[in-house]
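Here's a quick briefing to read alongside the structure. Have a look at the fold first, then work through the points below.

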Amino acid sequence: MSRTRLWLFSAIAIAILSTAVLLLFYSKNTQSLARAQDTNNDFSRKNIVGGHTPGYSILETSGDVLDPVSLNVTIKDAVVDPMKYLREFNYGKVSKLPNGTTLREFTLVASDDKVKEISPGVFYNVWMYNGTVPGPTIRATEGDLVRINLINNGSKSHTIHTHGIHKAEMDGVFETVGPGGRFTYEFTAEPFGVFPYHCHMQPLEEHIVHGLYGVYIVDPKTPRPPADEMVMVMNGYDTDFDTENNFYTVNGIPYYYMHHPIQIGKNQLVRIYLVNMLEFDPINNFHLHANLYQLYRSGTSLVPHEYTDMVTMSQGERGILEFNYKFPGQYMFHAHKTEFAEKGWMGLFLVKDTTPTTGGPAYNSTTTANNMTANVVSQSQPVSQKRGGEI
Amino acid sequence: MRSKGQREKEERIEENIDDDNKEQEVHKNRSHSKRLVIVAAIIPFIVLAVMIFLLFSPTLQSFINSGIPLPEIAIEKIEFRENPSQIIAFIRNAGPTEITIAQADVNDRIHAAAIEPGKTLSRLSDAKVIIPFFWNPAEPYEVGITTDDGTRFSKTIEAAALAPNPDSQQIIFFAVIGVYVGIIPVMIGLLWYPFIRSMSRNKYNFFLSLTAGLLVFLGIDALIESNDIAADNVSSIFNGQVLIFIVTTISFIALLYTSERLTQRAIKKSMSSAAETTSPYTSYSNSSDINSPRIKLQATQLQMQELVKPLAISLMIAIGIGLHNFGEGLAIGAAVLLGEIALSTFLIVGFTLHNTTEGLAIVAPLAKSRKLMLRRLVLMGVIAGAPTIAGAWIGGFLYSPIATIIFLSIGAGAIFQVVYSIGSWVLRPTNDNGKKSRIVSVNKFTIAGFAIGMVIMYVTGLLV
């Protein structure tokens, strides 16, 4: 091979290589340049904040934002409306029996074919009572006759197993209700307390983790003092079926109360009926910030068991929490198993300075709950900016 | 396309059938058959198109698509940035259908993130997920991406390290690394030229075999390296491992052809002045036939080979090693980027020692050729060493696993081609004074050289 050809060959090779390298750099730099100009000129660009942790700079992006933590995303086909669920207590169709006993009749329709949004952008096949996870909260007074009609609209057999005292055949374990089937559970509400109800079909784990559970409250004959009452169900979703939860929530949607803080009044007694239905993980807990609560384990006593800011529960455990805030502001509540907190189980109380109009019953009506939701939504924007450093 | 012979054959058959027809009709038939050929070529395509159309029709779709398409997200690269502190994941939809990304997490904890260009990824398209996150250097991080059906995909980085930024300082940094790892060692290796030049044939063959040994090691190394990358960083949809095999084979064959052509052309050119042109493709086996009348001509040809072939081999070695070093540069750059290695003096020393042997590989075949110009030698050193710099730039700034395995595979193919050339050169028939030809068989020198070559590479490789 001649020397000229060698030179030529090498020169061409080097030229091609260097041009390629230069082009790659050039294209990359111009891209980022163009992007920088875009973000300067276009005011429609979205901002995102780095989670709830303070100190993260605001990141501007030309793309989409993935932020279930702090972004108020409208969920179109949500598994539940957590704000509505929070203060919605169902007392059933009330009638008096000849002997003077109050009869409360409820209807629960089980389904197992719906795919719902359980977190912004995440769709999961949920099994539901009356179309929500958790199912509706059933409430009666001690001594009432409770009648629950189960209609199984699903493709699998389902039951309702209610905790509490009742006859064996009303336990919802052996009397399976097949697809299209019906069953009526009837029992006296006793004792007073807070209980879970859930499907008891096997595999139990499958039926529970898909969402067939809810809360059943039995009030004592002498009512508890009036309060702003709410129900909270701690749960999780294993969306990739690896027997580990991908999401942890309170009342069905991760982080919901982070961008929709729960409004409460200063010095107003708050009562939470708390139930843990979390599958797979052995424990779950509830931690309240900047405050302590009276804990009535299982709600079966009128005397509190503990004055604390931390309660740990295994699956099926529950209790009543009572507290009030002395100072206005935003307060976090979350699982103090930080993994659960950072996968969705966290929320905020927004304590308002205004004296609450009423306690208890007023908040039990659905309309009030809806008004509250509207209020919270409109205020969530400035609120989220003030947030920071609560954990 | 049919060959001319085939066409003529057909025409002949047609002529036999229509024996009585006039020539005009034969002419007509010819154009007719030409049209038939085109139609015959097109028909399968039409059938195929109809078939595909039917497959996409709703009826057949419902029949075929009985299974549920599972999403597949490949996290190809994770970068750690500062000011602002961020983790950036480069993801690709490797599944059969369009995917929407729902959220990102770091160490299995959900974090706010941005996704560019958008959260919906069509098949095979990629996106950049930017997660504002205060990361700590040298700590392991797992980045997870969850799709809209709740499936989570994750990738772990062993030790977080700041991603190199293509600023002038980093460019110079990688260039310096490239010079140290690529050019300098190769040049050092070239210094052995006078030493190799002054040795006997057996020793010379020993060093050639040594070179082959060194190169075989490099080739295997490149294949294993690209296999690792294919397994870890390339989504299964690209069939990374198959790609390695294909690219290596193509590279080998293409370079074999190129080098043979280059050599033959050079021989032919230099021969034309010496003697009448004979076929340059005369095989070596003919040369053992002493009684052949063409022996004298072949003797001249062999002499020319002695002159030209070593240079061609050396150039091919230089190119092969250059490709290999390009891959090595990519690996170094990418390793810095991926935080897999910390560039230390020790590492650079290791690479330097390791690559010095590459210079030896280039210089060994040239030992017996006369009139070697220094400039040519230096040029070959640059061809072999300089790609390290380009590799380090590309690997460090624009790491792409698929490009890396392609370059490594090309390098492997080139190296095996060079090993083949050296092998056939060592085992070539020698021609002493144009009178006697003998074939050097595998002897203790060549075997020892080959083995020692690989061992040297293995030992110096331990330093890296």
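Chain A has seven helices and 23 strands, where helices (H or I, at least four residues) and strands (E, at least two) are DSSP runs numbered from the N terminus. This is a predicted model, in which local features need pLDDT of at least 70, side-chain atom pairs count only at pLDDT 80 or more, and totals for chains, interfaces and linings use all residues. Residues are numbered from 1 along each chain as its sequence is written, while chains are lettered from A and ligands numbered from 1 in the order in which they are written.

**Chain A overall**
- Of its 391 residues, 41% count as buried, meaning 20 or more other C-beta atoms lie within 10 Å of the residue's own, with C-beta atoms placed from the backbone.
- Take the contacts (C-beta atoms, placed from the backbone, within 7 Å) between residues at least 6 apart in sequence: 71% of them join residues at least 24 apart.

**A five-strand sheet**
- Five strands of chain A make an open sheet with mixed pairing, in the order β15-β23-β22-β17-β20; two strands pair if DSSP finds at least two bridges between them.
- At the edges sit β15 (262-265) and β20 (310-313) of chain A, each pairing on one side only.
- Within chain A, β22 (residues 329-334) and β23 (residues 346-352) run antiparallel, joined by six bridges.
- In β23(A), F349(A) is opposite Y331(A).

**Around β18**
- In chain A, β18 (residues 293-297) pairs antiparallel with β19 (residues 306-308) over three bridges, and Q294(A) has Y307(A) as its bridge partner in β19(A).
- β18(A) also runs antiparallel to β21 (residues 318-323) of chain A, with four bridges joining them.
- There, Y296(A) has I320(A) of β21(A) as its bridge partner.

Note on methods:
A residue is buried if 20 or more other C-beta atoms lie within 10 Å of its own, exposed if 12 or fewer, and partly exposed in between; C-beta atoms are placed from the backbone. Two residues are in contact if their C-beta atoms, placed from the backbone, lie within 7 Å.
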